[in-house]
Amino acid sequence: LLGASVNVNMDSVTEIFLKLLFLLSVHNWHTAVAGNKYNCDDQLVSALPQSSFSSSSELSSSHSPGFARLNRREGAGGWSPLVSNKYQWLQIDLGERTEITAVATQGGYGSSDWVTSYILMFSDSGQNWKQYRQEESIWAFSGNTNADSVVYYKLQHSIKARFLRFVPLDWNPNGRIGMRIEVYGCTYRSEVVGFDGKSCLIYTFNQKLVSALKDVISLKFKTMQSDGILLHREGQNGDHMTLELIKGKLSLLINLGDTKTHPSNAQINITLGSLLDDQHWHSVLIEHFNSQVNFTVDKHTHHFHAKGEFSYLDLDYELSFGGIPVPGKSGTLSRRNFHGCFENIYYNGVNIIDLARRH
């Protein structure tokens with residue numbers, strides 16, 4: 001058991017006492033350089049080495065994926081696959097997890113080869129891929145109408161990934177698939193902690209300076225396990241709040257504890273998402289203002305008003321991430337601790353992983 005404490009200024013008003021405890025093994029810290037969120041439009045492809053480009057096939061060595069840089073004329077003037085069909089793809093490795101805010105395409109220089117529509121796939125590993133979606137539907141990007149005009153597209157929501165794959169859907173019927181590309185964005189600020197299924201992270205805060213009427217918790221997670229506790233908080237009279245992954249879905253359980261004190265509607269259980277054990281990052285946001293609760297998973301939000309005395313929950317000023325510190329608390333003996341990764345955990349604006357990493 002390790003312990004640490006630090007004084008941090010919150011709301012520029014007062015110094016508060018923060019205490020972090022590690023139970024068992026919390027490991028695999030990683031911090032990336034902070035990106036400029038207000039100017040996240042750097043050109044990412046132009047400076048990449050040849051080894052960062054790959055493809056499903058190539059028509060010839062002069063049509064290889066390394067020639068697919070926007071406005072370049074080297075080789076045959078772009079990438080073309082051996083056969084033009086819907087099973088071809090052009091892939092780039094950005095070297096690290098990156099925030100991608102826009103993409104641009106051209107056809108092959110001075111040719112009849114261009115793509116008229118395509119989809120984007122992204123991945124952290126280069127093996128487990130996810131498709132870019134917009135407005136909750138599969139999104140096909142409009143491509144080019146000639147070889148050399150640049151078609152630029154600002155993403156409605158940015159992609160955080162290391163690998164990006166362009167998959168042509170249609171192309172000039174009088175030519176073949178031909179692409180030159182650029183990707184825009186910046187380095188993604190990422191603070192990650194790994195949990196091994198036997199650990200949890202405890203965050204204790206000063207109860208005198210925390211309003212009982214407002215709580216905001218946000219984090220991202222990824223896992224291959226279908227079950228596990230993401231966070232837990234409880235009080236002396238049986239009140240508790242638990243966020244748990246159950247069969248690939250996220251369940252938010254709010255229990256008002258003693259039914260004598262809270263005789264009606266003592267328990268609330270909201271479930272969101274599905275297949276969240278797919279080894280991709282998923283975002284979670286829990287906002288509690290008075291009796292109003294907003295529970296968001298990957299842009300899907302469930303708004304509800306908690307009944308009874310929810311705004312006066314008797315909760316300890318302590319949050320447990322990744323598991324429940326004392327086995328058997330709240331009748332959770334059979335529940336599993338989380339096995340996977342958390343990213344950018346925030347509680348009321350406090351960066352929990354950054355505090356743990358530094359202290």
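The side chains of Asp124 and Lys222 meet in a salt bridge, with N and O 3.7 Å apart; a salt bridge here is a side-chain nitrogen of Lys or Arg within 4 Å of a carboxyl oxygen of Asp or Glu. Asp124 lies in the loop between β7 and β8 (130–131) and Lys222 in strand β16 (residues 214–222), so the pair ties together parts that are 98 residues apart in sequence. Strands (E, at least two residues) and helices (H or I, at least four) are DSSP runs, numbered from the N terminus. Asp124 is partly exposed, with a relative accessible area of 23%, while Lys222 counts as buried at 15%. Buried means under 20% relative accessible area, exposed over 50%, and partly exposed in between (1.4 Å probe, protein chains only).

This is a predicted model, in which local features need pLDDT of at least 70 and side-chain atom pairs count only at pLDDT 80 or more, while totals for chains, interfaces and linings use all residues. Residues are numbered from 1 along each chain as its sequence is written, and side-chain values use heavy atoms, leaving out hydrogens and water.

The count of salt bridges comes to 11. One of them joins Asp93 and Arg162, whose closest N and O atoms are 2.7 Å apart. Asp93 sits in strand β6 and Arg162 in strand β12 (residues 151–171), 69 residues apart. Strand β6 also holds Arg97, which is linked to Glu343 in strand β25 (residues 339–347), 246 residues away in sequence. The N to O distance in the bridge between Glu343 and Arg97 is 2.4 Å, and both residues are buried.

Asp113 is a contrasting case. This residue is found in the loop between β6 (90–106) and β7 (115–123). Asp113 is buried yet has no salt bridge, and the nearest side chain of opposite charge, Arg176, is 4.7 Å away; for charge, Lys and Arg count as positive and Asp and Glu as negative, with His and the chain ends not counted. The side chain of Asp113 does reach the backbone nitrogen of Arg176, at 3.0 Å.

Nonpolar residues form cores, that is, sets of buried Ala, Val, Leu, Ile, Met, Phe, Trp, Tyr and Cys joined through side-chain atoms within 4.5 Å. The largest core has 36 residues, of which Phe221, Leu250, Phe295 and Phe321 touch the most other members. Apart from it lies another core, of 26 residues, including Leu48 and Phe141.

Of its 359 residues, 49% count as buried.

Note on methods. A polar contact is a pair of N or O atoms within 3.5 Å; within protein, one must be able to donate a hydrogen and the other to accept it, and residues adjacent in sequence count only if both atoms are side-chain atoms.
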